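I opened this entry to record what I looked up, starting with charged pairs and then turning to the nonpolar packing.

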Amino acid sequence: MGTFNRLLCYSFVAVLFANVSFGQAFVKGSLLVSLSEGGTYTNYTTVHTGDGIRHQGNNNGDRDPLTIEYGITNHFGLGINMGGDILHVNPSAYYGFSTVKNNVQVITSEFTFDIHYHFRTTKRSDISGFASAGPSGVLIQGNDGDSKYKYTAGGSIIRVGAQARHYIWKGLGVHGMVSGYSSSCTYNNTSGNTVGNGYSTTIRGLAWEIGLCYRILR
C-alpha cells in the first residue's frame, strides 16, 4: 500500500473516532498534521574537493514529507518537517564511479524547524507562508553485481514556501504546498563510504506537494 493510500485509511479511522469542531481553520492552540506527496525540480551539482571538478545538471524527482505545526498565536505557528526526495543521477558523471546501470537512486533527507504565518483564515480554509531550516543528508547505496557501493553526505537545508488547507469534514482536510529550497552536503569519510569520497553535493530546486491534513486540537 502506497503512502497516500495509507494516509487515506488512517485519516478515515481518525475521523470516525474524533469529533472536532472549530470556528476558524487556524487559531492559537491548533495542532496540525499534514502528509503529502509531490514532485521536485532541481539543479543538482557535485564538486570534487580535491581537484575542483564540477558537474551540474537538472534533475527531477519525487517528494514525500510529513509536517507538524502548532499555533502559538492566531497567526503564527511553529513546526517541524520530516521528509525527503528521490532522484536519479549518472554516477560516473556526478561522483566518479561506474555501475552497470546508467543511473543510481539518490535519497535525500531533511529535518527542518519551521515558522509559519497564516495571513488568511476562514472557517474552513487557511493560507500561510513559511520559512524552514535544518539538517539534511544525501544517500546513495546499492549493489553492482557482487559489489556494494555507498555514498553519504550531510549538511543543511533552507526552504521557503506557501501552503493552503481546506477542511472538508470536521478536522480532515486537503493540503497543498509549493516551496523553493537549497541544500548543501559534504561527504563524511568516517561513515563507511565506498564511493564518492571527496564529492560535495548541492541541490537547489522547487517542489510541489498535495495530500491530506488533520487538525487534532482547537
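How many salt bridges does a search of the whole structure find? I searched the whole structure, which is a predicted model, and the count came to 5 salt bridges.

**Entry 1: R63 and D85.** I looked up this pair first. The side chains of R63 and D85 form a salt bridge, with N to O at 3.2 Å. I checked burial for the two residues, and both R63 and D85 are buried.

**Entry 2: R63 and E110.** I then looked for another partner of R63. R63 also forms a salt bridge with E110, where the closest N and O atoms are 3.4 Å apart. This pair links distant parts of the chain, with R63 in strand β2 and E110 in strand β6, 47 residues apart.

Why does R63 count as buried? The relative accessibility of R63 is 2%, and the cut-off for buried is under 20%. I applied the same cut-off to E110: its relative accessibility is 7%, so E110 counts as buried.

**Entry 3: the network.** Which residues are linked with R63 in a network of salt bridges? I noted R63, D85, E110, R159 and E209 as the linked residues.

**Entry 4: R165 and E69.** I looked up this pair separately. The side chains of R165 and E69 meet in a salt bridge at 3.6 Å, N to O. The pair links distant parts of the chain: R165 belongs to strand β8 and E69 to strand β3 (residues 66-71), 96 residues apart. Both R165 and E69 are buried.

**Entry 5: nonpolar cores.** Next I turned to the largest nonpolar core, which has 20 residues. The members that touch the most other members are Y44, V89, Y95, V106, V138, I140 and Y151. I listed the elements that give two or more residues to this core: β5 (85-89), α2 (91-95), β6 (104-121), β7 (125-144), β8 (147-169), β9 (172-187) and β10 (199-217). Which element gives the most to this core? It is β8, with 4 residues.

I found another core lying apart from this one, with 5 residues, among them A25, F26, L32 and C213.

**Entry 6: V89.** I ended with the contacts of V89. Leaving out residues up to four places away in sequence, V89 touches Y44, N59, Y94, Y95, N102, N103, V104 and V106. Among the members of the largest nonpolar core that touch the most other members are Y44, Y95 and V106.

Definitions and conventions. Residues numbered from 1 in each chain as written. Predicted model: local features only at pLDDT ≥ 70, side-chain atom pairs only at ≥ 80, totals over all residues. Heavy atoms only, no water. Core = buried A, V, L, I, M, F, W, Y, C linked by side-chain atoms within 4.5 Å. Buried < 20%, exposed > 50% of the residue type's maximum accessible area, 1.4 Å probe, protein only. Contact = heavy atoms within 4.5 Å. Salt bridge = Lys/Arg side-chain N within 4 Å of Asp/Glu carboxyl O.
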